[in-house]
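Trainee: I am new to this structure and would like to learn how its descriptions are reached. Could we go through it together?
Mentor: Gladly, let us bring it up.

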Amino acid sequence: MTAATSITVRVPLAVRHRPGRKTVVTPMTDGVAPVTMRADPALVKALARAFRYQRMLDQGRYASITEMAAAERLERGYLGSLLRLTLLAPDLVSAILDGRQPEGLTCAVLAGGVPVGWDVQRTMLGANSLGAAPTGRSGRSR
């Protein structure tokens with residue numbers, strides 16, 4: 001039988017306490033500061049909820065948005081606006097999750113309505129610089 005061995009790994013980092021959350025600050029590497037990602041927790045949570053509710057509809061757990069809103073104890077209008085987030089262009093969704101969303105993109109902006117066409121979304125939300133791969137499609141069909 002072999003003796004148990006252990007390895008200790010030390011990673012230099014700092015933990016900064018901010019109101020309501022803790023942030024891990026990684027050290028500089030080769031004189032270059034790390035890229036900080038500031039994912040908006042409200043946007044990320046809204047996206048997660050939207051895709052969760054959409055999945056429940058797709059799986060047939062609920063027959064309609066009205067039925068789901070009643071069962072989940074949500075306003076039907078809020079649920080409808082939340083479900084529209086599932087129509088965002090994939091590169092916009094990735095940017096939001098990575099904290100690279102365009103300046104000023106908030107839940108309030110998205111709640112105001114987003115066009116279905118992905119190219120129009122990118123233009124309206126100022127996300128043309130995200131490096132979206134050309135798909136030949138301007139929208140998503142359901």
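Trainee: At what angle do the axes of helix 1 and helix 4 cross?
Mentor: Please keep in mind that this is a predicted model. In it, the axes of helix 1 and helix 4 cross at roughly 130 degrees and come within 9 Å.

Trainee: What classes of residue make up the contact of helix 1 with helix 4?
Mentor: There are 6 nonpolar residues, no polar and no charged ones. Leu, Val and Ile count as nonpolar.

Trainee: What makes helix 1 roughly perpendicular to helix 3?
Mentor: Here the packing angle is about 100 degrees, and the axes are 8 Å apart. Roughly perpendicular covers 65 to 115 degrees, so that is the name for helix 1 and helix 3. On the helix 1 side you can find Ala-46, Arg-49, Ala-50, Tyr-53, Gln-54 and Leu-57, which meet Tyr-78, Leu-79, Leu-82 and Leu-83 in helix 3. By class, this contact has 8 nonpolar, 1 polar and 1 charged residues.

Trainee: And how do helix 2 and helix 3 pack?
Mentor: Helix 2 (residues 65-72) and helix 3 (residues 76-83) pack at an angle of about 115 degrees, and their axes are 9 Å apart. Roughly perpendicular runs from 65 to 115 degrees, and helix 2 and helix 3 are therefore given that name. Their crossing is right-handed. Helix 2 brings Ile-65, Thr-66, Met-68 and Ala-69 to the contact, while helix 3 brings Arg-76, Leu-79 and Leu-83.

Trainee: Which residues of helix 3 are buried?
Mentor: Leu-79, Gly-80, Ser-81, Leu-82 and Leu-83 are buried. The buried residues of helix 3 pack against helix 1 (41-58) and helix 2.

Trainee: Let us turn to Asp-91. How do you know whether Asp-91 counts as buried or exposed?
Mentor: Compare its relative accessibility with the cut-off. Asp-91 has 14%, and buried means under 20%; Asp-91 therefore counts as buried. This residue is found in helix 4 (residues 90-98), where Leu-92, Val-93, Ala-95 and Ile-96 are buried as well. The buried residues of helix 4 pack against helix 1, helix 5 (107-111) and helix 6 (118-125).

Trainee: What makes the pairing of the Asp-91 and Arg-122 side chains a polar contact?
Mentor: The distance is 2.8 Å, and the limit for a pair of N or O atoms is 3.5 Å, with one able to donate a hydrogen and the other to accept it. The two side chains therefore make a polar contact.

Trainee: What follows helix 4?
Mentor: Gly-99 does, and its phi is positive, near 80 degrees.

Trainee: How many helices and strands are there in the protein?
Mentor: The protein has 6 helices and 2 strands, and along the sequence the pattern reads β-β-α-α-α-α-α-α. Of its 142 residues, 27% count as buried.

Key
Residues numbered from 1 in each chain as written. Predicted model: local features only at pLDDT ≥ 70, side-chain atom pairs only at ≥ 80, totals over all residues. Heavy atoms only, no water. Helix = DSSP H or I, 4+ residues; strand = E, 2+ residues; numbered from the N terminus. Buried < 20%, exposed > 50% of the residue type's maximum accessible area, 1.4 Å probe, protein only. Axes fitted to C-alpha atoms, helices over the stretch in contact; angles between N-to-C directions. Parallel < 35°, antiparallel > 145°, perpendicular 65-115°, else oblique. Left-handed = near helix turned anticlockwise from the far one by under 90°. Contact = heavy atoms within 4.5 Å.
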